[in-house]
Every structure is written in C-alpha cells, then in structure tokens.
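Work through the following exercises on how two chains are arranged and how they meet. Each task is followed by a solution that goes step by step.

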Number of protein chains: 2
Amino acid sequence: LKKYSDFLTLAEKHLAAISLSNQPVELYAPITYILSLGGKRLRPVLTLIANDMFGGTEDKAIHAALAVEVFHNFSLVHDDIMDKADIRRGKPTVHKKWNETIAILSGDLMMIKAVELLCLSNHNLLPELLAVFNKTAAQVCEGQQYDMNFETQEIVTTEDYLKMIELKTAVLLGCSLKLGAICAGANKNDAEQVYEFGKNIGLAFQIQDDILDSFGDGNLVGKKIGGDITSNKKTILLIELLTHISETDSLLLHDLLHKSTVNNEAKINGMLALYNTYEVKQKAAAMKEEFLQKAFVNLASINLPGEKKMLLKQTAIDLMERIS
Amino acid sequence: LKKYSDFLTLAEKHLAAISLSNQPVELYAPITYILSLGGKRLRPVLTLIANDMFGGTEDKAIHAALAVEVFHNFSLVHDDIMDKADIRRGKPTVHKKWNETIAILSGDLMMIKAVELLCLSNHNLLPELLAVFNKTAAQVCEGQQYDMNFETQEIVTTEDYLKMIELKTAVLLGCSLKLGAICAGANKNDAEQVYEFGKNIGLAFQIQDDILDSFGDGNLVGKKIGGDITSNKKTILLIELLTHISETDSLLLHDLLHKSTVNNEAKINGMLALYNTYEVKQKAAAMKEEFLQKAFVNLASINLPGEKKMLLKQTAIDLMERIS
C-alpha cells in the first residue's frame, strides 16, 4: 500500500526536474531557490493521492501536481512582500535575498509557469482543469486581500474570518485534490466531494494553526509561541474573545492590545489568561473538530471502497495531530 | 470595409462588460480603474483584425482579445511598481492611488483573469492558444527583468537591447495577432507569419518610441521630450552613441551622464548634439525601417488576397507615422 512519503518522493523528483535554466538568471534563480526550500509538499501530494485513489496512473496527474505547488510558491513569494516577512522556512525570503522587483517578477513568472505546467495535462481535460484552477487562483488572491484588510479593520466577525481562511488557504487544498480526481477521470460528484473534503480539512488546519501559535509547544511547533498575540493578529482566538468578552475585561484587553508600555511577555501572559477565562481555545477546537467531521462525511460519500480512501483519511488525521 | 475604429469600438464594448463586481472591492476596483484608462487598445484590436482577416466571426476571438488586453494591463500595473512610476495616461498609477500591496495583488488577479478569459475560447483550440499565450507571458516577464538589469549594467549592446524590446514589447503584439489567427482557424504557416509581422512591427515601434522621446515634438508626442536623456535610460540612441563614440567625446559624454552639476536643459542639449554628431537618430531610423520592411515581407507571405491584408498594413503604417 502506498504511503504519503511515496507520493512526496514522486513530487520532489519531478519538482527538481522542472526545467528552469532559462535566462535571465535574476528571474529564474529565485524560482529554483523557493522551490528547493522544501516543506511537506502537501498540495502536490494531495493531487497525486486523489489521482491514485480514483485509479489514475501517476503520469496523468503529475503536471497538475507540479502546477499547484508552483502556484502555492508564487503566492508565498508575493505574500512575503506584502507581509514584510524576512524569513521563510528558516531562510531569507526572495525579496530579502534579492529585492522586491525580482520578487514581484519571479512570482509573476511562477504564476505563468503554473498554468503552463497544468496545460501539459491531457488536452481533453484542460477546460475542466483550468476552470477549477483559475477560480481557485482568483480566490487565493481575494483571501490574501481580506487578510490584509483585517489588519486595519475594526470589527472582524467569525464569519469574516472563516471566509478569509477558506479563500486564502482552504480552497487550494480542495483544488489540489479535485485536479487529481479530474485527471484520474473521477465522476463529477466524487470530484466535488473530494474538493469539499480538502476545503474542510484546510479550514480545520488553519484554525489549528491559530491555536498552536498561542497554545502550542514552541519546540514542537518549530517557531516562537505567541507571535500572533504580540502582533495583534486577528486569529480565531482573538475574534472569539472579542465576541464574548465582558465590558470590564474589554478595558483590560484594550490595554493589552494597544498600550505600548506592556512588554511582550506580559502581553502574552495577559492574553492567554483572557483566552483561558473565556475558553476560546475550546471554542476554536470545537470549530476545528466540526470541520474535520464534515470532511470525513465528504470522504465517506465518495463512491469508492473504504480501503481506497484510507490514505487520504490518514493524511488528514496526521495533519491534525501534527504538533498539538 | 472595416476600419481600426470598428474593432476598437468592439473591444471597448466588451472590455466595459467584463464582470468585475466581485468582493473584496479593494482588489477589483483597481482592475476596473486601470482598464478604464483607455489607450489605443492596440493588442485586442490586433487580435480582432487578425481573426477577421482569416475569416473568423467576432465571437470567435473576442475572449482572446480581452485576455491580451487584461494581460497587458497586468504588466503595466506591476511594471509601474518596479519603475516607481507615479502617472500612467495622465492619472495616478494603481500603487499610487491605492498602495503597493493592492497593486501587486490586483495585478496578480488580472494575470489570472487573462487566463480565465482566454479559456472562454473554443475548447478545441485551448492547448494551442494557451501555448502561445503562456510562452509570451513568460517572455514579457523576462523582458522586464532585462530592462531592470540594464539600469545597473555597464555595457548594453545593440543585440542586448533588441532582445530586451523583443521580449518586453514585441512578442505580445505577435501573440495578439497569432491568437486571433488561431481563433479564426488560420493554418500554421499563416499564423506564424502574422506573429512575425507583429513582432517586427513591435520592434520598429519601440525603436521609434526611443527616437521620439529625444527628437519628437513634445506637443504631438503628448509628453515632455528628453525624459530618457535626463534619466540616463539605455535607449537605442544612447547604445548606438556608446558604440561609435570617439575617445575624446566619451569624456564629454561621461560628464553629461554622471556629473550632477549639469542641469537637465544642458544635459539634453549636450546629448542631442552628440546624437547629431554621430548620426544615431539616422542609425536608429534605419533599424526601424528594416524591421518595418521585414514585417511587410511577413505580411506579403500570408496566403490571402491583398485586400484582406490592407487593414493590418495600414495599421502598421499609422502606428509608424503616429507622431514622428
């Protein structure tokens, strides 16, 4: 039986073989660089798993798998400019290592290369594959814009937040799976269910990410805990807190968020105390669980024998138990 | 007989009807804005003319026409960030009117929308249309990177320059025409010749642009003359001058280019004097003429009666006589 790591190996092999030896080097070197930084390659692996699950041979879906990974990296390069992020996977971001102009332009080129890779798929499937891909790509941009808006937006509701993470993160997981399903010739309903499965897993995953940033074990998560808190990021935890907080406590919260005399440690401790008082971790965890269960319902409704769906289910479980 | 203005009206009508009323407004408003700034709509009109020339009805090529215009505007928005340009067609650029984040992201979205529009074409033609489009889109990015490199590059040869303008400007004109030809069902050779025609016209046009920036009539050209000179831009005029200049004069040139005590008027007059001494305007004009003649050879080789090719020929002539 095939494992996640088998598909990962396959994705890595083909990613390394993408021909990007073109000129000018200033434009292509950043693409090779960002693609070589690794990661779990979740998106292309999902494409390959879905394709395999629906009976496709690997050659049918490899181009779509590469396309989603290259697209994902395009979005990382441009997001890092907008977020003024200096480090990505322990290395300097493209706009830091080179400059902003090169980061914009090599990102643009990756977006184009993603479409180019997708177009290497079976030509009969192109209209359907491109429709899913284009829609998703637009949604990812919309999600990033909502995320940017949140920084200056007074009130962000749970609904706003869920819509943002759905667009920015979740739909690309759904898309990755659906492209694999289409490549394998899955029927419309199954392709839709595997899309919904991916979307719901993505929502659960992002909520978990918020929880871990405040409540995780820094050593296990692999980054400093509390970054979201110190930067006043509108996570599901903060949004839930704002929704439920009493008038008295909201004065305290206001000071924690906006008083420059509060140091980071005091801020983190103060916020965690409020999170505990209002049980927002539990509220967020319940939401995560709800999306996870929805995902399992989606998976169950796919017209395939249970053992065919095992790897996808296990992948979801592993993602959720990552480091909590 | 149809005229340029007929196709322009058609392109404008459909451009105005592109549905971009989506949320978030921060992302879509800049797209509507940049697309409404007008211009001669050369690229979509070329697509429509080529389609018509090869016997296609307008519905066959309208999506491809819109795609090249939206793609062109994507490249303008991102180039304006990189070039730190404040004004485009007399109005603030997107990153000035909004901000850089919005300019990056709405540009990204336009790139995606361009692919989406192209995908509305006849599905049987998608592999061919996308192959031409994707290749061209990548080349446009490469051209922009070369142009950026030129700013800090010591030596730029005429060959380097021609390669840069071919990628940055000329191939998109070729692509616009070729997409129209493919939509109309033109044969491979004719589609290739109309591509080469567009590319050569693009090269001639860009050289003319350089000439006009130093030698044009400001009132007719619609912008201040000498901008390329004051910014030390590596135009074909400067490159030709550097290639032919004597050792004595190159000391004078060095001062004009790099001495901060030289004011703009003196710099422009000094450079124009050198340009006249070395007859670089004539050299550039000869190159322009050569590309124009190549384009006419391409057009002549297309297997259609002469009257069918009249409008394309006239369009090229009008472009060249624009304001010289």
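The exercises below treat the symmetry of the copies and then their interface.

This is a predicted model, in which local features need pLDDT of at least 70 and side-chain atom pairs count only at pLDDT 80 or more, whereas totals for chains, interfaces and linings use all residues. Residues are numbered from 1 along each chain as its sequence is written, chains are lettered from A in the order in which they are written, and side-chain values use heavy atoms, with hydrogens and water left out.

**Exercise 1.** Determine how chain B is related to chain A.

Solution. The same surface serves both, since 100% of the contact residues of chain B (heavy atoms within 4.5 Å) recur in chain A.

**Exercise 2.** Describe the extent of the interface between chain B and chain A.

Solution. Each chain is counted in turn: 37 residues come from chain B and 37 residues from chain A. The buried area, meaning the accessible area (1.4 Å probe) lost on being put together and summed over both parts, is about 3,200 Å², with carbon and sulfur atoms giving 72%. On the side of chain B, L105(B), I112(B) and Q145(B) lose the most area, together 18% of what that side buries.

Definitions and conventions. Copies are superposed by least squares on the C-alpha atoms of residues with pLDDT of at least 70 in both. Buried area is the accessible area (1.4 Å probe) that two parts lose on being put together, summed over both.
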